[in-house]
Amino acid sequence: MSIFLPAAISRRQLLMAGGAIANVRLFDAERAVAAQNTGEIIGLKPVPGSAPIMGTGQPETPVLAYNGIVSGPVLRLRQGAPFRARVTNGINEGTTVHWHGIRLPNAMDGVPHLTQASIAPGDSFNYAFTPPDAGTFWYHPHDHTARQMGRGMAGALIVDEPEPPGFDREIIWVLQDWELLPDNQIVNGFDNEMEGMMAGRIGTTVTINGQVPTHVPLRAGERIRLRLINACLARFMALRFAGHRVVVMALDGQPVVQPFEPDGGLTVIAPAQRVDLLLQASGDPDGIYPVTDEFYGGEGDYKLVDLAYATARRLVSSGRPIVLQPNPVPKPDLTNPVRHQLTIVGGGMSGMGMSDKMGSMGMMSDGNSATPQIWGIKGPDGLNHGMAPILMLPLGRTAVITLTNQTNWWHPMHLHGYSFHVLSRNGVAEQYPHVRDTVILRPKDTVEIAFVADNPGGWMFHCHVIAHQHFGLMSVIRVA
Ligand code: C2O
Ligand code: CU
Ligand code: CU
């Protein structure tokens with residue numbers, strides 16, 4: 001891990017010249033801030049609609065969207081203040097809302113067949129929780145997840161610090177991936193086995209806040225908090241910001257101990273992960289700088305968007321120090337933890353081909369349908385099965401879990417209800433363990449995570465490549 005603090009972070013004497021920073025908003029979704037948890041109940045309703053995700057003038061795409069907004073209304077909460085939402089199901093199948101990354105009471109976690117019944121069409125469900133952590137989170141359905149999320153249902157959930165941390169401006173990018181036909185209709189057949197045993201559904205089109213963006217206007221000199229949210233079903237990203245240095249300030253909502261520049265200038269973000277970047281607008285006024293996604297390499301590289309300097313006038317940053325205070329996530333007590341091993345198995349075996357899928361693990365039922373189990377998690381008592389817990393953890397104790405990926409595929413593994421410390425990877429200890437809710441396991445990786453099991457209940461632990469989750473890469477960790 002490289003440790004790097006740009007001088008700009010500590011430079012504090014500059015005065016802001018030229019008046020207040022205009023609240024430049026590019027996308028409709030960013031304007032649609034629905035919540036300040038000041039007591040009122042927020043209404044959230046997924047509905048069918050159509051949206052010009054390829055841009056105005058292009059054929060519209062039939063979508064499912066919270067409050068009719070693709071990439072959802074931005075929910076802005078205050079740290080430590082109660083939040084209430086009434087979710088009304090406006091689509092034609094069951095749904096729930098999961099508040100991804102929030103440490104909340106189990107009954108509010110939004111998992112059908114585990115923490116609540118699915119919300120039937122026309123019905124409502126009230127969610128209430130108090131976010132303990134400030135940071136970048138998100139919300140999405142947890143029933144029929146592939147087709148609901150794949151048609152647009154996801155949104156940003158931002159929990160603000162009590163004191164603004166000193167950036168000049170904030171930009172939110174909800175990144176979504178769509179598999180579109182030439183007429184911009186969405187390809188059907190979510191949850192198909194072919195995608196499920198390989199990399200999941202990687203689409204044709206990536207949107208930022210619900211649209212294929214042309215450019216993002218910047219002002220030379222400003223220091224931006226860029227909140228990245230990967231709301232794709234399966235697409236990993238590795239973003240390069242041409243002509244700019246970026247500094248990782250927070251991962252999955254949790255500030256890093258030492259802000260750092262990402263390895264090789266590539267900001268890697270797996271499905272479900274968030275990265276808060278300090279983007280220093282150091283380009284030339286009038287300059288145009290592409291942001292490219294280089295995760296898949298070669299033919300898979302593409303330009304996501306251009307950063308375009310919008311005004312010739314250089315903005316003198318406020319120069320306030322940028323500091324993200326740590327959240328009150330309990331520190332694992334590594335002197336006497338409970339230890340467990342979980343092993344990820346299954347999938348297409350060759351890593352390239354599609355012939356030798358593992359068909360032998362049987363069927364699993366998610367309550368909606370019976371599905372062949374292509375993936376699995378092996379625990380102390382054998383292979384995972386449905387919602388039966390794979391681990392029982394004593395309440396209050398520190399748990400250290402060693403995760404091993406025996407497969408040839410990448411998996412962003414996510415634990416509900418907790419933010420865990422990533423202690424080591426392949427035997428190499430982290431000096432400053434990142435605190436995350438979703439950790440990448442590359443093929444054959446072994447990763448050790450630790451957390452204080454202080455939140456009782458049954459918590460899902462699953463791969464966030466939704467097709468892997470659907471075909472068996474999911475289980476429950478019960479804390480009691
Ligand atoms: Cu965003 Cu069960 O997850
Ligand atoms: Cu989650
Ligand atoms: Cu996976």
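Me: Which residue is the bridge partner of Ile171 in strand 14?
Reply: Leu226 in strand 14 is the bridge partner of Ile171. Keep in mind that this is a predicted model.

Me: What makes strand 11 and strand 14 a pair?
Reply: Two strands pair if DSSP finds at least two bridges between them. Strand 11 (residues 169-178) and strand 14 (residues 223-230) have 7 bridges. They therefore count as paired. The sense is parallel.

Me: What is the strand order of the open sheet, and which strands stand at its edges?
Reply: The order is 12-11-14-19-16-17, six strands with mixed pairing. Strand 12 (205-208) and strand 17 (254-260) stand at the edges. Each has a single partner strand, so one side of each lacks a neighbour in the sheet. On average, neighbouring strands are turned by 25° against each other, direction ignored.

Me: Why is the contact between Arg227 and Asp160 called a salt bridge?
Reply: The cut-off is 4 Å between a side-chain nitrogen of Lys or Arg and a carboxyl oxygen of Asp or Glu. For Arg227 and Asp160 the closest N and O atoms are 3.9 Å apart. That is within the limit, so the label holds. Arg227 lies in strand 14 and Asp160 in strand 10 (residues 155-160), so the pair ties together parts 67 residues apart in sequence. Both Arg227 and Asp160 are buried.

Me: Which residues do salt bridges with shared partners join into one network?
Reply: Arg76, Asp160, Glu161, Glu170, Arg225, Arg227 and Asp276 form one network. The structure holds 23 salt bridges.

Me: What makes Glu294 and Arg240 a salt bridge, and are these residues buried or partly exposed?
Reply: Their N to O distance is 3.0 Å. The limit is 4 Å, so the pair qualifies. Glu294 sits in the loop between strand 20 (288-293) and strand 21 (302-309), and Arg240 in strand 15 (residues 237-241), so parts 54 residues apart in sequence are tied together. Glu294 has 24%. Arg240 has 31%. Both are therefore partly exposed.

Me: How do you know that Arg245 forms a salt bridge with Glu261?
Reply: Their closest N and O atoms are 3.5 Å apart, and the cut-off is 4 Å. Arg245 lies in the loop between strand 15 and strand 16 (246-251), Glu261 in the loop between strand 17 and strand 18 (266-269), so the pair ties together parts 16 residues apart in sequence. At 46% relative accessibility, Arg245 counts as partly exposed.

Me: What makes His98 and His414 buried?
Reply: Buried means under 20% relative accessible area. His98 has 1%. His414 has 0%. Both are therefore buried.

Me: Which residues are the protein donors of the copper ion (ligand 3), and how are they spaced in sequence?
Reply: The spacing is H-x51-C-x4-H. His411 lies in strand 29 and Cys463 in strand 35 (residues 457-463), so parts 52 residues apart in sequence are tied together. His411 is buried at 0% relative accessibility, and Cys463 is buried at 0% too.

Me: Why does Gln469 count as buried, and where does it lie?
Reply: Gln469 lies in helix 5 (residues 466-470). Its relative accessible area is 10%. Buried means under 20%, so Gln469 passes. Leaving aside neighbours within four places in sequence, Gln469 is in contact with His142, His462, Cys463 and Met474.

Me: Which residues have the most contacts inside the largest nonpolar core?
Reply: Leu75, Trp99, Met413, Val439 and Phe451, in a core of 62 residues. Beyond its neighbours within four places in sequence, Val439 has contacts including Leu403, His411, Met413 and Ile449. A second, separate core has 31 residues, among them Trp173, Leu228, Ala281 and Leu307.

Note on methods
Residues are numbered from 1 along each chain as its sequence is written. Chains are lettered from A and ligands numbered from 1 in the order in which they are written. This is a predicted model: local features need pLDDT of at least 70, side-chain atom pairs count only at pLDDT 80 or more; totals for chains, interfaces and linings use all residues. Side-chain values use heavy atoms; hydrogens and water are left out. Buried means under 20% relative accessible area, exposed over 50%, partly exposed in between (1.4 Å probe, protein chains only). A nonpolar core is a set of buried Ala, Val, Leu, Ile, Met, Phe, Trp, Tyr and Cys residues joined through side-chain atoms within 4.5 Å. Contact means heavy atoms within 4.5 Å. Donors are N, O and S atoms within 2.8 Å of the metal (3.2 Å for Na, K and Ca); water is not among the atoms, so sites may look incomplete. Helices (H or I, at least four residues) and strands (E, at least two) are DSSP runs, numbered from the N terminus. Axes are lines fitted to C-alpha atoms, for helices over the stretch in contact, and angles run from 0 to 180 degrees between N-to-C directions.
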